[in-house]
Amino acid sequence: MYDSYAVDGVKKTLAQYWVDTREEGQPVMKYEINDTGDQDWYIQLKQENVTLEKDKWYKISFKIKSTLDRTVKYAMQHDGNSDPADAQDWTVYDGANINLTSDYQTYTNTFRMTGDTDTKVNFTISMGKITDQITEKHSVYIDDIVLEETEKPEEEENPGSLVEIGTDLIQNGDFADGNANWSAEINLKDAATAEFTDGKAVFDIVNVGEANWAIQMKQSGLAIEPGATYHLTMKLTSAVTRKIEIGLKNASSSIYYGGGVYDVTAGEAAEISADIVASAEHAANKEAYFILSLGKIGDNETPVGTVTIDSISLVKTAEGEISGGGEEGGDKPAGAELMKNSDFSEGEANWIKAITADGTGADATAEFTDGKAVYQIQNPGTANWNIQLKQEGIELQKDSTYQLKLKIKSSAARTVDVGFFGASDTWLAGQSIVLEAGELKEYSVNITPNANNAASTFILSMGKVGDETPAGTIEIESISFIKTAGAQ
């Protein structure tokens, strides 16, 4: 399987590579590096055209060492050069920074393919600049690379409290030690530069890409407990008005424990303060990741500009005795309306219109007027998600019962889909709704989520559903979501 390795040819003078021999007489790939250069991808071990199938689990492992203590980056990601029309898509399906010493270590990780089946995946180990440019000559050895399909790992029983209340999980949160404990990951070539200086992390961003993961800052080794509450405080400044995203995830980002999206105003010193209740659906993780994403956030327009982070703190404030979460923390009572601006009396407030035209043919406009959301659809595209209405941050509790009610009318007979989704588009609950031409539909259904989620996304999908979906106008008068019963 691993027979087509390549080194990026841009900076071949930085390093030489060849198959060497270990003490045991077995072949090993050796890189003799004179200078890492100023980009991580300048020196790479790579195999192209790896296939990862949607929702399958995989185990990656390899042996690696360096004659100089340093960091390298491993990734399984879509090949953005495989399709000239899709050159910005470098989606990372699994990846991590790995700290090397002079002793061989075996890196191992199990991950789920959360995207659609992809036959154009690159396996890479990047040995250029990861945190600092290294000009000292050294060698990196890589051996025994194995990628295999595997079963979903069984989650261990929760071991109880991992850290005491009052513990700050973030190390070097004031950046007094520069980039110690932090990794800046620019996953889109030349999209940004990152510098840790004068007690700050400074990201100079020139391209946000098409997803939040394009530019990230990470710290690993956080002890996250299910249902526990953590208080996040951040001080930062942005040259432009934009959104940023915080996520607590596992190493492969296939499990989302909690987080949120926050607004930052241009030129103003922002002090973000929020409680994050870790998802109760997953076991505790002693090696979770804190991820600050600075690429494009959701369907929002995200301008480019410098973001300066002064400090980050994540303090445990409550043990894991509750499920779910929300703005006030804890589970919402029965009878509470969970949908904000459910009657559109405040126009577009709290709602997101998403029309994905590129490559789909979808053509539509959306207007919030007279207490309605009105979609004029000329072409529904090729999939239901091509035209959507969304609301983020809705709390769900596993096995509780909720009533979803819509008042909706379509000028043409057709079907729409409604659903609740977690991180990485994980499906939690939903239904299809059949609409008759010109008739106001008052739709009501009881929904029982299959997992806890403190900040799910509600999505009404109005793109192509089924074999034939006509053009037409859809008017949504109200969307209500009320908890009617707790988990039994």
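Is Thr71 buried or exposed? Thr71 is buried, with a relative accessible area of 15%. That puts Thr71 on the buried side because the cut-off is under 20%. The model described here is predicted. A search of the whole structure finds 15 salt bridges. The structure also holds 1 cavity of 30 Å³ or more.

**Thr71 and its surroundings**

- Thr71 sits in strand β5, which covers residues 70-78.
- The side chain of Thr71 makes a polar contact with the side chain of Asn99, at 2.7 Å.
- Leaving aside residues up to four places away in sequence, Thr71 touches Asn97, Ile98, Asn99 and Ile130.

- Thr317 belongs to strand β19, residues 305-318.
- Thr317 is partly exposed, at 37% relative accessibility.
- Thr317 touches Ile165, Thr229, Tyr230 and His231, with residues up to four places away in sequence not counted.
- Tyr230 is 87 residues from Thr317 in sequence. In space, the C-alpha atoms of Thr317 and Tyr230 are 5.5 Å apart.

**Salt bridge Lys73 to Asp40**

- The side chains of Lys73 and Asp40 form a salt bridge, 2.9 Å from N to O.
- Lys73 lies in strand β5, while Asp40 is in the loop between β2 (27-33) and β3 (44-52), so the pair ties together parts that are 33 residues apart in sequence.
- Lys73 is buried, at 7% relative accessibility.
- Asp40 is buried as well, at 12%.

**Salt bridge Lys54 to Asp116**

- Lys54 and Asp116 meet through their side chains in a salt bridge of 3.9 Å, N to O.
- This pair links distant parts of the chain, 62 residues apart. Lys54 is in the loop between β3 and β4 (57-66). Asp116 is in the loop between β7 (105-112) and β8 (118-126).
- Lys54 is partly exposed, with a relative accessible area of 39%.
- Asp116 is exposed, with a relative accessible area of 56%.

**Salt bridge Arg112 to Asp55**

- Arg112 forms a salt bridge with Asp55, and the closest N and O atoms are 2.8 Å apart.
- Here too the pair links distant parts of the chain, 57 residues apart. Arg112 is in strand β7, and Asp55 is in the loop between β3 and β4.
- Arg112 is buried, at 18% relative accessibility.
- Asp55 is partly exposed, at 41%.

**A salt-bridge network**

- Glu53, Lys56 and Glu149 are linked in a network of salt bridges.

**The cavity**

- Rolling a probe the size of a water molecule over the atoms shows where empty space is left.
- The largest cavity has a volume of about 30 Å³.
- Its lining is made by Asn212, Gln216, Glu245, Ile246, Gly247, Lys249, Ile291 and Ser293.
- By class, the lining of the largest cavity has 2 nonpolar, 4 polar and 2 charged residues.

**Positive phi angles**

- Asn49 has a positive phi, near 60 degrees, and is a residue other than glycine.
- Asn49 is placed in strand β3.
- Asn49 is partly exposed, at 47% relative accessibility.
- Asn172 has a positive phi of about 55 degrees, although it is not a glycine.
- Asn172 is in the loop between β9 (138-150) and β10 (183-186).
- Asn172 is buried, at 12% relative accessibility.

Technical notes. Residues numbered from 1 in each chain as written. Predicted model: local features only at pLDDT ≥ 70, side-chain atom pairs only at ≥ 80, totals over all residues. Heavy atoms only, no water. Helix = DSSP H or I, 4+ residues; strand = E, 2+ residues; numbered from the N terminus. Buried < 20%, exposed > 50% of the residue type's maximum accessible area, 1.4 Å probe, protein only. Contact = heavy atoms within 4.5 Å. 1 Å grid on protein atoms, 1.4 Å probe; cavity = no way out; pocket = protein on both sides within 12 Å on 5 of 7 lines; lining within 4 Å. Points joined across faces, edges and corners; volume = space filled by probe spheres on them. Nonpolar A, V, L, I, M, F, W, Y, C, P; charged D, E, K, R; others polar. Polar contact = N/O pair within 3.5 Å; in protein donor to acceptor, adjacent residues only side chain to side chain. Salt bridge = Lys/Arg side-chain N within 4 Å of Asp/Glu carboxyl O.
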